[in-house]
Amino acid sequence: MSFVPADVNSYETAPTSVGPAAPVTVPPSGVSPSAPPLVRTTGSAFPPVTAADLETLRAHHLIIPAQGVTADKLIDSFDDLRGGTRHHEALDIMSPRGTPVLSADDGQILKLHNSVAGGLSIYIADTSQRYIMLYAHLDHYRPGLAAGQVVKKGELIGYVGSTGNASPAAPHLHFAVARSDNMKEWWKGTPINPFLVWRGK
Ligand SMILES: [Zn+2]
């Protein structure tokens, strides 16, 4: 599947008419069977995610992209259902409207997008061109932000809001990470749980 807010969404009020739940992949060898699955293959067209991807992302020392939020405040919502059978496959970082949203990593902006589900969204490729990070439900972008721009980790890119299908009473940043092998297809990728990057055991 895509991790896009396009309209096959995994957002807050996903339609109930979407397809069957994606199968959960058996963790790769070397991972304890009791460990939570890192991977949900959502389509054979997308690159597989392994434990090595999570280790790689941890080595990037991503910052938590809502300013002022610390890891102990994060709540894992990756596996939550969003209407029917669709999994959320992202991390909702609750934060007051207007909170600065900072790029979690160094990278390049692939796309500024606006969709019914995700609202104002930013897709950013990391410097390895393997991971795409999505920031959604923004109140507004940083003025002047545009596709193609290079951003540094910690750089201001926008502000927390509730655009798209987020509840106006609960502004938050919807942050998703996907493994990709084609940065031109910014809406595609295999989701990785960002919570495990900061709070993995
Ligand atoms: Zn969300």
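These notebook entries record what I looked up in a predicted model of one protein chain.

**Conventions.** I number residues from 1 along each chain as its sequence is written, and side-chain values use heavy atoms, with hydrogens and water left out. As the model is predicted, local features need pLDDT of at least 70 and side-chain atom pairs count only at pLDDT 80 or more, whereas totals for chains, interfaces and linings use all residues.

**Confidence.** I first looked up pLDDT, the predictor's confidence in each residue, from 0 to 100. The mean over the protein chain is 84, and 77% of the residues reach 70 or more.

**Overall fold.** I took helices (H or I, at least four residues) and strands (E, at least two) as DSSP runs, numbered from the N terminus. The protein chain has 2 helices and 9 strands, in the order α-β-β-β-β-β-β-β-β-β-α along the sequence. Of the contacts between residues at least 6 apart in sequence, 68% join residues at least 24 apart.

I called a residue buried under 20% relative accessible area, exposed over 50% and partly exposed in between (1.4 Å probe, protein chains only). Buried residues make up 51% of the 201 residues.

**Nonpolar cores.** A nonpolar core is here a set of buried Ala, Val, Leu, Ile, Met, Phe, Trp, Tyr and Cys residues joined through side-chain atoms within 4.5 Å. The largest core has 33 residues, of which I93, I122, Y135 and F175 touch the most other members. The elements giving two or more residues to this core are α1 (51-59), β1 (91-94), β4 (119-126), β5 (131-141), β7 (156-160), β8 (172-179) and α2 (194-199). The most comes from β5, with 5 residues. Another core, of 10 residues, lies apart from the largest one and includes A90, Y123, A176 and M183. I then listed the contacts of I122 beyond four places in sequence: I109, K111, L112, M133, L134, Y135, L138, Y141, L145 and I157.

**Helix α1 and its flanks.** The buried residues of α1 are D53, L54 and L57. Seen down the helix axis, they fall within an arc of 100° (taken over the directions from the axis to the C-beta atoms), so they line one face of α1. These buried residues pack against β5, β8, β9 (190-192) and α2. In the segment before α1 I found F46, which counts as buried at 16% relative accessibility. F46 and K188 are 142 residues apart in sequence, yet 7.5 Å apart in space, C-alpha to C-alpha. Just after α1, H61 takes a positive phi of about 50°.

**Loop residue S103.** Finally I examined S103, in the loop between β2 (100-102) and β3 (107-115). S103 is buried, with a relative accessible area of 1%. The side chain of S103 reaches the backbone oxygen of D105 at 2.7 Å. Beyond four places in sequence, S103 is in contact with I63, I124, Y135, V151, K152, K153, G154, E155 and I157.

How values were computed: Contact = heavy atoms within 4.5 Å. Polar contact = N/O pair within 3.5 Å; in protein donor to acceptor, adjacent residues only side chain to side chain.
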